[in-house]
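Please keep the structure open as you go.

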Amino acid sequence: MNVKSILAKPIAKRIQNRVYKWAAEPKKTQEKVFKKLIAQAKNTTFGKDHNFKNINSYQEFKVNVPIRDYEDLKPYVEQILQGKSDVLWRGKPLYFAKTSGTTSGAKYIPLTKESMPFHIKAARNALLMYIAETGNTDFVNGKMIFLQGSPIIDEKKGIKTGRLSGIVAHFVPNYLQKNRMPSWETNCIDDWETKVDAIVEETIQEDMTLISGIPSWVQMYFEKLTAKSGKSISEIFPNFNLFVYGGVNFEPYRNKFEKMIGKKVDSIELFPASEGFFAFQDKQNEKGMLLLLNGGIFYEFIKADEFFDENPERITISDVELEVNYVMIISTNAGLWGYNIGDTVQFTSLKPYRIIVSGRIKHFISAFGEHVIAKEVEHALKAATEGTGISVNEFTVAPQTNPESGLPYHEWFIEFEKEPVDMTDFISKIDNSMQEQNSYYYDLIVGNILQTLKVTKIKKDGFQDYMKSIGKLGGQNKIPRLSNDRKIADKLTSKKVQS
């Protein structure tokens with residue numbers, strides 16, 4: 001056992017005690033964050049525009065600060081780009097995290113000297129909490145890989161700008177630098193397929209113990225390793241024992257991963273975004289991730305099925321309920337106020353507050369009033385594949401409102417690694433699970449408004465080809481699980497398996 005392993009355990013216990021101390025007083029913790037945010041931003045342009053000097057309670061905050069998305073925030077971002085200080089937060093941002101917007105084009109999310117440390121601390125604490133719970137420090141001695149965007153930083157009007165994962169790469173602690181892979185040069189490769197090929201060459205002979213990234217892109221890395229070596233991942237990396245992931249639900253990938261790896265490994269789920277680091281998995285055997293209530297973020301929630309009402313009710317953690325689908329709204333020490341990040345969450349525990357990401361408020365199917373969300377389709381697919389040997393690489397679902405014949409239906413586009421022997425039975429299991437989970441969907445099926453779903457098989461690498469065709473292969477980009485239109489579906493149709 002080396003020095004890092006010896007030191008990690010007492011540090012991990014200390015961090016665990018600190019985390020559970022604020023988690024035990026959630027309302028007090030959030031009230032403290034709220035008051036500090038308002039006090040620190042009262043003299044900013046936004047604070048003056050929204051009467052921060054006279055806000056002394058959450059009720060007053062709701063009256064003065066409406067819910068907004070990036071388009072509403074954009075005029076303030078433009079002022080920062082014009083060189084103004086004290087606009088959304090004190091001073092100027094350290095960085096802009098550049099993200100791809102669906103309606104806004106590129107989005108520039110501010111990162112400040114107050115917010116940036118929380119991104120780093122949260123990722124570190126997730127690992128330390130794992131060590132404190134399991135006692136496993138083996139992974140700290142080997143090589144660690146973080147599949148991420150390029151760390152190359154540009155400037156926009158004097159403010160450093162890049163992808164969040166690339167920005168974070170500049171803050172990796174010194175004690176991890178010797179263990180960290182890939183090399184800086186490889187990490188800077190822009191083309192994702194070329195980058196993954198280079199990562200394979202660099203890592204295939206190394207002692208990899210921790211691997212981190214969005215599951216779909218780690219899957220590509222694993223497939224290339226296996227193709228090159230003819231071995232399972234556990235044969236290539238016998239000491240690999242911890243997988244850290246975020247961005248999408250891991251469950252649809254779990255069976256495929258376990259087969260590729262050749263053994264079960266522990267995993268830690270994270271919930272990071274350009275707008276903030278919101279949660280991490282704190283227990284191996286508890287469902288959900290611990291909501292980070294002391295990280296410079298004040299949280300509000302709106303029931304997803306009320307979100308598009310004229311005046312939806314906004315609540316704090318004090319009033320949330322278990323297993324209700326909420327849109328998460330944040331106000332942060334990066335200068336985001338009443339900001340809709342677009343994600344929906346459900347609480348799995350209220351002592352402490354743990355969440356799962358259930359989908360995107362813009363990614364749903366309700367072409368017929370069914371209100372289907374990502375969590376439901378992912379659960380249905382899991383129910384249909386569990387214990388069967390069926391393996392799925394990727395999938396997405398869209399409505400077919402104008403079929404050539406018969407009733408409308410939901411169309412599932414699935415790229416199989418191993419197909420079902422009985423496709424009719426497979427479809428029936430998915431459809432039954434959807435009916436059990438979603439009463440609206442059940443009513444539409446029983447009422448002969450919808451027919452049973454259909455599966456369109458997508459050829460090998462079809463999803464990767466699609467993502468490449470729209471310039472979103474790799475990095476933090478991912479396939480939406482659901483669409484309420486046919487934009488993605490129509491493009492995937494050209495990549496279906498010809499029967």
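1. In which helix is Gln 435 found? Gln 435 sits in α15, the helix that covers residues 423–437. Bear in mind that this is a predicted model.

2. Is Gln 435 buried or exposed? Its relative accessibility is 17%. Buried means under 20%, so Gln 435 counts as buried.

3. Look next at the surroundings of Gln 435. Its side chain makes a polar contact of 2.9 Å with the side chain of Asp 431. Leaving aside residues up to four places away in sequence, Gln 435 touches Tyr 441, Tyr 442 and Ile 445.

4. Now turn to a helix pair. Two packed helices are described by the angle between their axes and the distance between the axes. Helix α10 (residues 192–203) packs with helix α11 (residues 215–229) at about 55°, and the axes are 10 Å apart. That angle makes α10 oblique to α11. The crossing of α10 past α11 is right-handed.

5. Which residues of α10 and α11 meet? From α10 come Trp 192, Val 196, Asp 197, Ile 199, Val 200, Glu 201 and Thr 203. From α11 come Trp 217, Met 220, Tyr 221, Lys 224, Leu 225 and Lys 228. The residues of this contact divide into eight nonpolar, four charged and one polar.

6. Finally, check Phe 308. It lies in the loop between β12 (297–303) and β13 (326–332). Phe 308 counts as exposed because its relative accessibility is 62%, and the cut-off is over 50%. Ser 274 is 34 residues from Phe 308 along the chain, and their C-alpha atoms are separated by 24 Å.

Definitions and conventions: Residues numbered from 1 in each chain as written. Predicted model: local features only at pLDDT ≥ 70, side-chain atom pairs only at ≥ 80, totals over all residues. Heavy atoms only, no water. Helix = DSSP H or I, 4+ residues; strand = E, 2+ residues; numbered from the N terminus. Buried < 20%, exposed > 50% of the residue type's maximum accessible area, 1.4 Å probe, protein only. Polar contact = N/O pair within 3.5 Å; in protein donor to acceptor, adjacent residues only side chain to side chain. Contact = heavy atoms within 4.5 Å. Axes fitted to C-alpha atoms, helices over the stretch in contact; angles between N-to-C directions. Parallel < 35°, antiparallel > 145°, perpendicular 65-115°, else oblique. Left-handed = near helix turned anticlockwise from the far one by under 90°. Nonpolar A, V, L, I, M, F, W, Y, C, P; charged D, E, K, R; others polar.
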